[in-house]
Amino acid sequence: SFDLVERERRTDVTLRVWRQAVANGQVVDDTNQPVRGVSVRALERATAGGGTRWTLGPTGTTDERGFYRIAALTPGDYMLAIPRAAARAAYETVFYIAATSPSAALVFPMQSGEERNGLDFTLQPSAAGTRVSGVLTGTDGAPVPRMRVTLTPAQLTDLTLAIENMAATTDEQGRFQFERVT
């Protein structure tokens, strides 16, 4: 570290910077057809307060051939995920590589300037599921309008970062509804 005063010049300074890393791959469905418009999320491991948590990093979206590219990754440890909501609820949440929970996902290091290819996903269709609905009430028993309600599968509770799979907003009578819950 050094300080410069106004109009001071230094020629003996070397700045070392890292290049951003890139992760890319293809997303196909269970019939091996490309899936377009799906967001693939990078989750970066962060250590704070003596514990580990996952923070949401950059996202890539699949093109018409199912290919995605996630740029601007800083050096660190990552896992990739396609949450059910990002796959238009037609597919189950999946973590790379073919895992249904973060604890089973592959965590991989990314170095400065590294480009990692072939991080491919195969999406599995969601089961028909069931409808979950209810009324959100406050401690006084009155309905709570315009409140966001989220539903997270039990297998995702080992993430301290909420990858919310389903979300709904209560109506004026506090009612909410989730479709196709599996």
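Biologist: Why is Ala-90 called partly exposed?

Modeller: The model is predicted, and the value is computed from it. Ala-90 has a relative accessible area of 32%. Buried means under 20%, and exposed means over 50%. The value for Ala-90 falls in between, so Ala-90 is partly exposed.

Biologist: Where does Ala-90 lie?

Modeller: In the loop between β5 and β6. Ala-90 and Gln-124 are 34 residues apart in sequence. In space their C-alpha atoms are 8.5 Å apart.

Biologist: Asp-29 and Asn-32 next. Which loop holds them?

Modeller: Asp-29 is in the loop between β1 and β2. Asn-32 is also found between β1 and β2.

Biologist: What makes Asp-29 buried?

Modeller: Its relative accessible area is 13%. The cut-off for buried is under 20%, so Asp-29 counts as buried. Leaving out residues up to four places away in sequence, Asp-29 touches Val-35, Tyr-91, Thr-122 and Leu-123.

Biologist: And why is Asn-32 called exposed?

Modeller: Asn-32 has a relative accessible area of 58%. Exposed means over 50%, so Asn-32 qualifies. Asn-32 and Thr-122 are 90 residues apart in sequence, yet 7.5 Å apart from C-alpha to C-alpha.

Biologist: Let us turn to the whole chain. How many helices and strands does the protein chain have?

Modeller: Zero helices and 13 strands.

Biologist: What share of the chain is buried?

Modeller: Buried residues make up 32% of the 182 residues. The accessible surface comes to about 11000 Å², and 48% of that belongs to carbon and sulfur atoms.

Biologist: What share of the contacts joins residues 24 or more positions apart?

Modeller: Among contacts with a separation of 6 or more, 68% join residues 24 or more positions apart.

Biologist: Now the strands. How do you know that β2 and β5 pair?

Modeller: Pairing takes at least two bridges. Four bridges join β2 to β5, so the two strands pair. They run antiparallel. Glu-44 stands opposite Tyr-78 in β5.

Biologist: What other strands pair with β5?

Modeller: β7 is one of them, antiparallel over three bridges. There, Asp-77 has Pro-109 in β7 as its bridge partner. Strand β6, residues 94–95, is another, antiparallel over two bridges. The cut-off is at least two, so β5 and β6 count as paired. Ile-82 stands opposite Val-94 in β6.

Biologist: Why is β5 called largely enclosed?

Modeller: Five of its seven residues are buried, so the rest of the structure largely encloses β5.

Biologist: How many bridges are there between β2 and β3?

Modeller: Nine, in the antiparallel sense, with β3 covering residues 51–61. Arg-41 stands opposite Thr-59 in β3. β2 and β3 form a hairpin with two residues between them. Gly-49 in the turn has a positive phi of about 60 degrees.

Biologist: Which residues are in contact with Leu-80?

Modeller: Leave aside its neighbours within four places in sequence. Then the contacts of Leu-80 include Val-40, Ala-42, Ile-70, Val-94, Phe-108 and Leu-119. Tyr-68, Tyr-96 and Phe-121 are also among them.

Biologist: Which aromatic cluster do Tyr-68, Tyr-96 and Phe-121 form?

Modeller: They form one aromatic cluster together. Rings pair if their centres lie within 6.5 Å. By that rule the count comes to three aromatic pairs.

Biologist: One last label. What makes the charged end of Arg-10 sit over the ring of Phe-2?

Modeller: The charged end of Arg-10 is 4.9 Å from the ring centre.

Definitions and conventions. Residues numbered from 1 in each chain as written. Predicted model: local features only at pLDDT ≥ 70, side-chain atom pairs only at ≥ 80, totals over all residues. Heavy atoms only, no water. Contact = heavy atoms within 4.5 Å. Buried < 20%, exposed > 50% of the residue type's maximum accessible area, 1.4 Å probe, protein only. Phe/Tyr/Trp six-rings, centres within 6.5 Å; stacked < 30°, edge-to-face > 60°. Lys NZ or Arg CZ within 6 Å of the ring centre and 35° of its normal. Areas by Shrake-Rupley, 256 points an atom, 1.4 Å probe, with all protein chains shown as cover.
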